[in-house]
Amino acid sequence: MSHQTVIVLDFGGQYNQLIARRVRECGVYCEVRPYTAPLGELRAVNPIGIIFTGGPGSVYLDGAPRVDPDIFTWGVPILGICYGCQLMAQALGGRVVPAQEDCAREYGKTETFFDTGCRLFRGLPESGITWMSHGDYMERAPEGFTLAARSAACPSAAIADEARGFYGVQFHPEVNHTGHGTDMIRRFLFDVCGAAGDWSMEGYKRTAVAALRDKIGAGRVLLALSGGVDSSVAAALLAEAVGEQLTCVFVDHGLMRKNEGDEVEAAFSRWAVNFVRVNAEDRFLIKLAGVDEPERKRKIIGEEFIRVFEDEAKKVGAVDYLAQGTIYPDVIESGAGDAAVIKSHHNVGGLPDCVDFKEIVEPLRLLFKDEVRALGRELGLPEYLVERQPFPGPGLAIRVIGDVTKEKLDMLREADAIFREEMARAGEEARLSQFFAALTNMRSVGVMGDGRTYDYAVALRAVTTDDFMTADWARIPYELLDRVSVRIVNEVRGINRVLYDVTAKPPGTVEFE
Ligand code: XMP
């Protein structure tokens, strides 16, 4: 099945991936391309529409991002958002100027009035809140355009040329703060571009399975399974496509949460794949003995992981393909920026150097995380695997603060399991992005029964976040904290104190190490 495609032309704005996700949520496939992509390359995609994203530039400055003007005579509908709107306006003969302090500069939630005769806003309320973030504004719309929305500060909150299918909005329909924002995107896709809504994970599964069979033929595939969502779904898809030709190597480093290894293994029992579970706990613990510096822990675990995988791969013998669970945000972000390394995230998927193979297959390369989860469900993976929160590659080693021992890991596993169980029981899971327990390196005095204790303190952490770049600590009910605390201290030998972390990121990080 081939599907229709929309191009999201990226001008460097902070919400660009969100735009692409919204389009996909509407059941329309889209690809993000940089604004520098030659027009020929975009034409080859044969898109039904193009969305220009926002961006940090100002269209009237030298060196501002531009597009090939032929894009406007191609006959494909365009929706410009924020910078993308200003760019289109200027390119077609309108006038964009810096907003004055008291006029047309807008940031945040803004009441906006829409022309509901315009196809973008048809059937929607005549006014509502939109999310604005712009320091420039369109003083004059280009010829052929009408003003389709206004706010108190800005008469040109949206412009439209219905005949050509060109629309521009100053606000951000992709962010949740814009009421009916997704409806506006849907109007553009379906009413303007004529989308059929032919993108679904059920369809993707069928196409991907067929394409993988075609590509792999009788070849053999090797995959490093970490138990995370991406590698699990990649494995399930390949299992569906090529069954026994797939070998999944699951390195159990002994740093998993309670029962996790068994759960992963059980989830794959429905496919006739070669599932190799390597119990490498001892190897990892020996290497980690006495190490307390977080970055050294990460490095040791990353390297040992590769050694173990290498040993197993040698036993499997020559393979044709190495499979990886790379997903679309990794593809979009790769090569972008070089932000300071706060923590060197060790990615258990990145192993291509150590194994003899012909080619890499990345069957999730075009999917966003939500789609990966939906595909996992489609393939019959259990809910606890597809809904899994992010779990760091180095596992509990970076949640045992200071040096790592089996005894500490076991204590932490029990405490963490109690926390997770109570959170699930209280129905808090869905609202939170990540929560876990960490074993602090602090011991303190307590009293239990009639005796004095001198045991470890466990810290609980729960956060909400959209992107894990920033996060807020979660306000969970005191009664719940109380239950968790009582249970941990009563049930886990060696822990006599429970702390709750109330630090946002920044200045904290999500993990403690
Ligand atoms: P931080 O602690 O950096 O965490 O605020 C942000 C997100 O990244 C996860 N994380 C890791 N993931 N290897 C990983 O694969 C790592 O070394 C690592 N350290 C942190 C963390 O769980 C959170 O989701």
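Which backbone nitrogen lies 3.0 Å from a polar atom of the side chain of Asp252? The legends below take up this question after an overview.

**View 1. The whole protein chain, shown as a predicted model.** Local features need pLDDT of at least 70 and side-chain atom pairs count only at pLDDT 80 or more, whereas totals for chains, interfaces and linings use all residues. Residues are numbered from 1 along each chain as its sequence is written, and side-chain values use heavy atoms, with hydrogens and water left out. The protein chain has 14 helices and 20 strands, where helices (H or I, at least four residues) and strands (E, at least two) are DSSP runs numbered from the N terminus. Its C-alpha atoms fill a box of roughly 80 × 60 × 40 Å along the principal axes.

**View 2. Asp252 in its strand.** Asp252 is found in strand 13, which covers residues 246-252. With a relative accessible area of 11%, Asp252 is buried, a term that means under 20% relative accessible area (1.4 Å probe, protein chains only); buried residues make up 54% of the 513 residues in the protein chain.

**View 3. The side chain of Asp252 and Gly254.** The backbone nitrogen in question belongs to Gly254, and it lies 3.0 Å from a polar atom of the Asp252 side chain.

**View 4. Residues in contact with Asp252.** When neighbours within four places in sequence are left aside, Asp252 is in contact (heavy atoms within 4.5 Å) with Gly261, Arg277, Val278, Asn279, Ala280 and Glu281. Across the protein chain, 75% of the contacts between residues at least 6 apart in sequence join residues at least 24 apart.

How values were computed: Buried means under 20% relative accessible area, exposed over 50%, partly exposed in between (1.4 Å probe, protein chains only). A polar contact is a pair of N or O atoms within 3.5 Å; within protein, one must be able to donate a hydrogen and the other to accept it, and residues adjacent in sequence count only if both atoms are side-chain atoms.
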